[in-house]
Amino acid sequence: MSRIVYLNGQWLPEDEAKVSIFDRAFLMGDAIYEVTCVLDGMLLDYPGHAARLRRSAAELGLTLPLDDDALLAAHHEIVARNGMKSGMIYLQLSRGVAERDFAYPPAGTEPTLVMFTQAKDVLVNPAAETGISVALVPDLRWGRRDIKTVQLLYPSMAKMEAKAQGADDAWLHENGFVIEASAATAHIVTAEGTLVTRDLSHALLPGVTRSAILELAARHGVTVEERAFTPDEARAAREAFITSATNFVVPVVRIDGAQIGDGTPGALTRELRAQYIATRRAAALAPA
């Protein structure tokens, strides 16, 4: 059955939704996006994703045409229209349609707002049981990685480079330190049991799931350090994992071929994944 998507205030079958070839997202990559997980037909961590969307828009001077109530209502409606119980909602906002020009279009140009769903069982992830391997790849992205833009070519290239090396994903590094994964936050657990995560800056995306995991870890007495860590620290770690809205918490068991810990998902990683699912499921937003 065809999905129902949202396009500039209209609900349309996916094969009827069209965006102009003159849209700034297509011509200039002038757009942002956000991803919200759906479980049991409800929205997980929605306030964090909505806040990050508005922050990204403000950083680029983009206008989000929906207020807070309308944005939340649209998320609930797209779930209902597609009968989705589990999966992801992708939202993309561009500066709109205009003649190709490096200068922004005139004030008042209507933005383009798109939403669509991808149904999947978010609780079933074999990688959560086996762990993944990552390869270290130089980070050659632009300098404002804290904005969730649609400029995803280099992360795609990095992931393909990792796959060419026989790994599942890439950990991007710069100036001697790990930045983040291709589409997730990178974490390590030291031999002493300290959870280490890169501190926030323009260098990396402020992960919504990252924030939740750090909160859960601190609540359970785990020492947390928000700081840069080196590839050597990562390879010597007791545990390693990634976090994202699409995969929650996934163990990393090999980095550049080096086995992490005993080569199986670590106890803290497994516990944080279980706690994240339980707490976010309990707090998920249902339609009013």
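Author: Here is a friendly tour of the cavities. The model is predicted, so to speak with care: local features need pLDDT of at least 70, side-chain atom pairs count only at pLDDT 80 or more, and totals for chains, interfaces and linings use all residues. Residues are numbered from 1 along each chain as its sequence is written, and side-chain values use heavy atoms, with hydrogens and water left out.

Rolling a probe the size of a water molecule over the atoms shows where empty space is left. A cavity is a set of points, on a 1 Å grid over the protein atoms alone, where a 1.4 Å probe fits but cannot get out; lining residues have an atom within 4 Å of a point. A volume is the space filled by probe spheres set on the points, which are joined across faces, edges and corners.

Searching the whole structure turns up 2 cavities of 30 Å³ or more. The largest has a volume of about 50 Å³, and its lining includes Glu34, Tyr46, His49 and Leu91. Helix α2 (46-60) provides the largest share of that lining, 4 residues.

Key:
On a 1 Å grid over the protein atoms alone, a cavity is a set of points where a 1.4 Å probe fits but cannot get out, and a pocket is an open set with protein on both sides within 12 Å along at least five of seven lines; lining residues have an atom within 4 Å of a point. Helices (H or I, at least four residues) and strands (E, at least two) are DSSP runs, numbered from the N terminus.
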